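Please keep the sequence and the model in view while reading.

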Amino acid sequence: MIGSILASGLAVGAVYALIGVTYNTMFSASRVISFTAGMLGMLGGVFGSLFILRLGLPVPVGFVLTMGCCALVGVITEFVAVRPVLKSLDQHLYVLSTLALSLMIQQLVATEWSTEPQRFPRLFDIGSGLLDEKFWLPIVACAVGMGALDLLYRHTLVGKAFLAIAEDNFAARALGLPERNLRIASYALAAIIGAFAGFAGGELLLAFVANGALLNFYGFVPVALGGLGSNRGAVVAGLALGIYQQAANFVVGGIFASVAVFAIFIILLLAAPQGLFGAPAVRRV
Amino acid sequence: MAVPRRQFIASGAAAVTAAATLSFPRPAVAQSEPIRIGWLAAMTGASSAPAIGFDRGVQYAASMINAAGGVKGRKIEVLTRDTQGDPTKAVNATQEMISQLKVHAIWGPTNSGESLAVTPIMARSNMPNIHPCVVTSLIDTKKYPNAFRTAPSLGQWDAAVRGYCLNILKTKKIAVIGDTTGFGATAANFSVDAFKKDGADVVYAANIDYNQPDMTPDMVRARDAGAQVIVVWSTSTGMDARLFNTRGAMKWDVPFVGHSSMSSGDVANLIDKREYWNKVYVIGYRSCSFDAAGKLPPRSQQFVDSIKGKVTLSDNLLWWVAGGVDAVNLVAKAVEITGSSASADIIKYWNSLNKFPGYFGDYTFSPDQHNGYPTDDVVMSEASSAKDGAFSLAPGYKA
C-alpha cells in the first residue's frame, strides 16, 4: 500500500506541480491567473497521442510537435484572452476571458478528438509494477523541468529578462526591455511546461479531454498552497497533494477522498493565506 | 306546421353535423398525408453513438416501408432533429415537432437526461412517444400515459446483473462500484439495495471519480473485503479499462459484471493486455447474442441477412439498429391496424400489444404497463466478443 501511495501519488503530484508552475509562469509575466493551464496539460497528452499513435510519428518528432503546438496555443492565449484585459486587471476580467478560451479548447478537443479517453503511447517501455515508467516519468519530467527553468532564469539573459518583468513590469519597460515580446515568450514557455506535464503524465492520465478541467483545478491547488508565483512552493505542494490524495483514496476512498483534499486545502489556506512559501507583497517606496 | 326560424337553423346544423360525422368519408388529405415520425436524436456530441446506430435502423425501416408502397398508401416521413445530447435542445425540438411539424408520434430521445426534460411536454399534448431510456421514473402510466419504453429499464438491467452474479456465477460476496456521475451513483445505490434484499453480502461499495488515474486503492479494498465479483455501474470506458488493468496487475481473477460500456471498442485500446478483458460480463440481449455455436436467434439472423450491404454493423451495436427499425415499425403498424394516425388511436393500439415481434425483442404493453421489453431477454454477454454489433452469451446461459 505504501509503495502504491508513493508511486502513484508522486507521479500525479508531479503533474499537478508542473501545472502549478504553468500557472505561475503566466502569472509572473502578466499578473493574470490563466485558467488555460490545465487545458495545456490535457493538450500535451492529446497531441502526443495524436502525433505518435494516430499519425505514427517517432516519439522525438511527436514530442517536439506537441511542444510546438502547445506553445502556439500559449501565444494565442496571450493575444486573445490576456492582452485585451490587461488594462483592467483590477476588474479581474481575465477570469472570464481565460475560462472562455479554456472552454473553447475543451469543446474543440471533444469534437475533433474524442470524448472518450484514448491511449497514450509507451515512450520508453521501461519498468513494470510500481517501477513502471508511467509512475516515474512524470517525476523525472518535473525534476528536469524545474532544473531547466532554474538554468534559464539564472544563467541566460532571456531568463533574467523574464525575472525582470515579473519583478517590476514598469521598471523593466523603462530599462528598454521588450515587455510585450517577453510576455508572449513567457506564455509560450508556460504552455511548453504545461504540455510537458501532460506528455510525461500521458501514460497515467491518458489522452482525455476531461483531464483539462481536472488539471485546471488540481493544478491550481499547489499554486494556492505553495504561494502564488513560487515555483518551489508549487512543486512541494503539488507532490504533497498527490501523495495525500492517493493516501486518502486508500484510507477513505471514493468521493470522500476529494472531500479530504478540499478540507485540507481550506484548513491550510486559513492558516497561511499567502501560501506555505508565499510572502505578502511588499514594495519599497 | 310552422317551424320557427331559430329551430329550423338549429335542426339544419345538427343534421349537417350528423351527416358529416356518420356518412361522410374522412378528408382525403388525412388519409394520404405522410405518417410523420419525429426523431429526437443526439446525432452529435458526447453521447452520439447510440443515436447514430438507432438512426441507421430508422432510415432503413422507413425506406423499406416506403419502397413497398407505404402504410395503406401513406409514406413514412422521418423528421430528425439533432439534440446533441442537450436537454434544452431536446425541449425546443419537441415543441417544434408538436406545434409546427405536427408529427403523429415521436421516437426518442435516446438518453435519459433529455427524456426527463421532454416527457412531461409530450404528455401534455398526448403525443405518442417511444423511447429506449433506462431511468425508471420515465415510465408512469398515470402521469405519462403516452410514453412507452422499448428497451429495458434500469431495474431490468440490474435484475439481469444480479441474477447472473447470484444464480449463475453463484457468488455471494459482492463489490459494487459506480462512478460519481448521476447515473453511476443512482445505479450503484439501486444495485446495492437490491443485492442486500436478495440476501447477498455487499462487502464493498464505492463511487469513484471516473477520472481517477489509479484504481489500485479501490481494487485492494474490494479484494481485502473478500469480494468474489465486482459489479460496475459506469459509462466511462477509461474507468473500466483502468479497473481491468489494475486487476491484471494484481493478478486477481475476480470477474467484472455490469454496464455495457465495459464492452466498448475504446476499452480494447486502453487495456494493457488483451487477456485483461477476459472474465468481464456486460448487459446484453438475447436477440443480439451468439449462442455457443456462434449463431444468432433465427429472427435476428434473418434481420442481419436482410440489412447486409445496406446498414453497417461493424462500428455499431446490433440492438441499436434493430431498436430503430422496431420503433418505426411500431408506429407504422399502429396506423395500419387502426387506419388512423390520431394520437389516441396509436396509443390505444400500443396498449393492446402482446409480444409484438420486433427484431430487438417482443414488446408487450398494457394500459398499466409501458415497460415493454421482456426481462428474461436481458442477459449477460462476454465483453470482448463483439462481432458485427453482437456478442457471445456469457458462460452459464442455456441457448
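1. Of the 399 residues of chain B in this predicted model, 49% count as buried. The chain holds 13 helices and 15 strands. Along the principal axes, its C-alpha atoms fill a box of roughly 100 × 40 × 35 Å. Among the contacts in chain B with a separation of 6 or more, 70% are between residues 24 or more positions apart.

2. The domain assignment divides chain B into domain 1 (32–153 + 300–374) and domain 2 (155–291 + 380–392). Each domain is therefore written as two stretches of residue numbers, as the assignment shows. The C-alpha centres of domain 1 and domain 2 of chain B are 30 Å apart.

3. How many residues of each domain take part in the contact between domain 1 and domain 2 of chain B? Domain 1 provides 17 residues and domain 2 provides 9. On the domain 1 side, helix α12 (residues 318–338) of chain B gives the largest share, with 4 residues. By class, that side has 11 nonpolar and 6 polar residues, and no charged ones.

4. The contact between the two chains takes 20 residues from chain B and 24 residues from chain A. On the chain B side, the elements that give two or more residues are β7 (201–208), α8 (216–224), α9 (237–250) and α10 (265–270) of chain B. The largest share comes from α8(B), with 5 residues. By class, the chain B side has 8 nonpolar, 7 polar and 5 charged residues.

5. In chain A, helix α8 (residues 179–200) has 22 residues, which should span 32 Å at 1.5 Å a residue. The end C-alpha atoms of α8(A) are 31 Å apart, which agrees with that expectation. The helix is mostly covered, for 17 of its 22 residues are buried.

6. How do helix α1 (residues 2–30) of chain A and α8(A) run relative to one another, and which angle describes their crossing? Their axes come within 8 Å and cross at roughly 175°. Because angles over 145 degrees count as roughly antiparallel, α1(A) is roughly antiparallel to α8(A). The residues of α1(A) in this contact include A:V15, A:L18, A:I19 and A:T22, while those of α8(A) include A:L182, A:S186, A:L189 and A:I193. By class, the contact has 13 nonpolar, 6 polar and 1 charged residues.

7. Helix α10 (residues 211–226) of chain A has 16 residues. From its first C-alpha to its last it reaches 22 Å, close to the 22 Å expected at 1.5 Å a residue. Is α10(A) largely enclosed or largely open? It is largely enclosed by the rest of the structure, because 14 of its 16 residues are buried. The residue that follows α10(A) is A:G227, which has a positive phi near 105°.

8. Some backbone angles deserve a separate check. Most residues other than glycine have a negative phi, and most peptide bonds are trans. A:L206 has a positive phi near 70° and is not a glycine. This residue lies in the loop between α9 (202–205) and α10 of chain A. A:L206 counts as buried because it has 24 C-beta neighbours inside 10 Å, and the cut-off for a buried residue is 20 or more.

9. B:D388 also is not a glycine, and its phi is positive, about 50°. B:D388 is in the loop between β14 (378–382) and β15 (391–392) of chain B. Is B:D388 buried or partly exposed? With 16 other C-beta atoms within 10 Å, B:D388 is partly exposed.

10. A cis peptide bond, with omega about 0°, joins B:G108 and B:P109. B:P109 belongs to the loop between β3 (105–107) and α5 (112–124) of chain B.

11. B:S352 is placed in the loop between α13 (343–351) and β12 (356–357) of chain B. It counts as partly exposed, having 14 C-beta neighbours inside 10 Å. B:S352 and B:F365 are 13 residues apart along the chain, and their C-alpha atoms are separated by 6.3 Å.

Methods. Residues numbered from 1 in each chain as written. Chains lettered and ligands numbered in written order. Predicted model: local features only at pLDDT ≥ 70, side-chain atom pairs only at ≥ 80, totals over all residues. Expected span 1.5 Å × (residues − 1). Buried ≥ 20, exposed ≤ 12 C-beta atoms within 10 Å, placed from the backbone. Contact = placed C-beta atoms within 7 Å. Nonpolar A, V, L, I, M, F, W, Y, C, P; charged D, E, K, R; others polar. Axes fitted to C-alpha atoms, helices over the stretch in contact; angles between N-to-C directions. Parallel < 35°, antiparallel > 145°, perpendicular 65-115°, else oblique.
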